[in-house]
Amino acid sequence: MAGLLALSRTIDRVNEFIGKWVSWLILLAILVSAGNAVIRKVFDISSNAWLELQWYLFGAAFMLAAAYTLKQNDHIRIDIVYGMFSRRVQHWIDLLGHLFFLMPFVTLMVIYFVPYVSLSFRSGEMSNNSGGLIIWPAKAILLVGFFLLALQGISEIIKKIAIMRGDMDDPNPFISAHEQAELEAKALAEEAKALAQEVRS
């Protein structure tokens with residue numbers, strides 16, 4: 001199990017680095033969008049390449065951060081139902097979900113996208129829009145995103161099994177929306193109390 005946990009930690013580190021790095025692509029997409037809008041309004045000049053670049057940047061941020069989001073346990077799920085079960089049952093739900101839903105899906109996507117990207121690259125596929133960008137980098141981002149998500153799925157499966165065996169602590173203990181609200185309210189109350197003490201002193 002130690003070797004598998006080492007592999008899991010490596011995958012986690014890679015996806016955490018990528019996930020944090022690609023967050024800057026959102027800022028870049030905003031700057032490109034704003035610059036394109038200003039140029040269009042002021043100089044009456046527009047370019048499909050700039051519009052498509054915005055989509056590429058946003059798509060890259062979304063796809064390349066998906067694995068990091070899974071690592072952080074931030075994907076959407078129905079917590080009202082999930083929170084009704086014991087933590088051990090929740091671990092089983094997560095494990096079976098990863099094994100029978102996530103992994104088959106991402107594996108299929110990787111298998112599907114390899115020839116899809118290869119064909120696009122070999123043909124030099126271009127956008128159908130006038131002055132648009134080449135297409136294969138966008139398709140390659142999809143392939144890389146699903147590949148990273150598959151790796152993170154493997155990491156999560158390893159961690160779930162290790163947690164259930166007692167080989168490691170739970171890195172993402174479940175907190176219901178109600179408990180989260182209580183914790184936030186408590187933190188705000190403590191901040192207000194500290195601020196009041198500073199004002200009095």
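Start with where α1 meets α6: on the α1 side, the contact takes in Leu-4, Leu-5, Leu-7, Ser-8, Ile-11, Asp-12, Asn-15 and Ile-18. Facing them from α6 are Leu-148, Leu-151, Gln-152, Ser-155, Glu-156, Ile-158, Lys-159 and Ala-162. Sorted by class, this α1–α6 contact has nine nonpolar, four polar and three charged residues. Keep in mind that this is a predicted model.

**α1 against α6**
- The handedness of the α1–α6 crossing is left-handed.

**α5 against α6**
- The α5 and α6 axes come within 8 Å and cross at roughly 155°.
- Angles over 145 degrees count as roughly antiparallel, so that is the label for α5 relative to α6.
- This crossing of α5 and α6 is left-handed.
- By class, the α5–α6 contact holds 27 nonpolar, four polar and six charged residues.

**α2 against α6**
- Helix α2 covers residues 48–64; its axis comes within 8 Å of the α6 axis and crosses it at roughly 15°.
- α2 and α6 are therefore roughly parallel to each other.
- Here the crossing is right-handed.
- From α2, the contact draws on Tyr-56, Gly-59, Ala-60, Met-63 and Leu-64.
- Their α6 partners are Ala-138, Ile-141, Leu-142, Val-144, Gly-145, Phe-146 and Leu-148.
- The α2–α6 contact splits into ten nonpolar, two polar and no charged residues.

**Aromatic pairs**
- The structure has six aromatic pairs, counting rings whose centres lie within 6.5 Å.
- One of them joins Phe-105 and Phe-146: the ring centres are 5.7 Å apart and the planes sit at 80°, so the pair is edge-to-face.
- This pair ties together distant parts of the chain, with Phe-105 in helix α5 (residues 87–123) and Phe-146 in α6, 41 residues apart.
- Phe-146 also turns up in the α6 side of the contact with α2.

**Annotated spans**
- An unreviewed UniProt entry carries the annotation "transmembrane region" for residues 21–43, 55–71, 92–114 and 134–155.
- In the model, residues 55–71 are 94% helix and 0% strand, with the end C-alpha atoms 25 Å apart.
- Residues 92–114 come out as 100% helix and 0% strand, and the C-alpha atoms at their ends lie 32 Å apart.

Definitions and conventions:
Residues are numbered from 1 along each chain as its sequence is written. This is a predicted model: local features need pLDDT of at least 70, side-chain atom pairs count only at pLDDT 80 or more; totals for chains, interfaces and linings use all residues. Side-chain values use heavy atoms; hydrogens and water are left out. A crossing is left-handed if the near helix is turned anticlockwise from the far one by less than a right angle, and right-handed if clockwise. Helices (H or I, at least four residues) and strands (E, at least two) are DSSP runs, numbered from the N terminus. Contact means heavy atoms within 4.5 Å. Ala, Val, Leu, Ile, Met, Phe, Trp, Tyr, Cys and Pro count as nonpolar, Asp, Glu, Lys and Arg as charged, and the others, Gly among them, as polar. UniProt positions are given in the numbering used here, feature names are shortened, and annotations may be inferred rather than shown by experiment. Rings of Phe, Tyr and Trp (its six-membered ring) pair if their centres lie within 6.5 Å; planes under 30 degrees apart count as stacked, over 60 as edge-to-face and the rest as tilted. Axes are lines fitted to C-alpha atoms, for helices over the stretch in contact, and angles run from 0 to 180 degrees between N-to-C directions. Angles under 35 degrees count as roughly parallel, over 145 as roughly antiparallel, 65 to 115 as roughly perpendicular and the rest as oblique.
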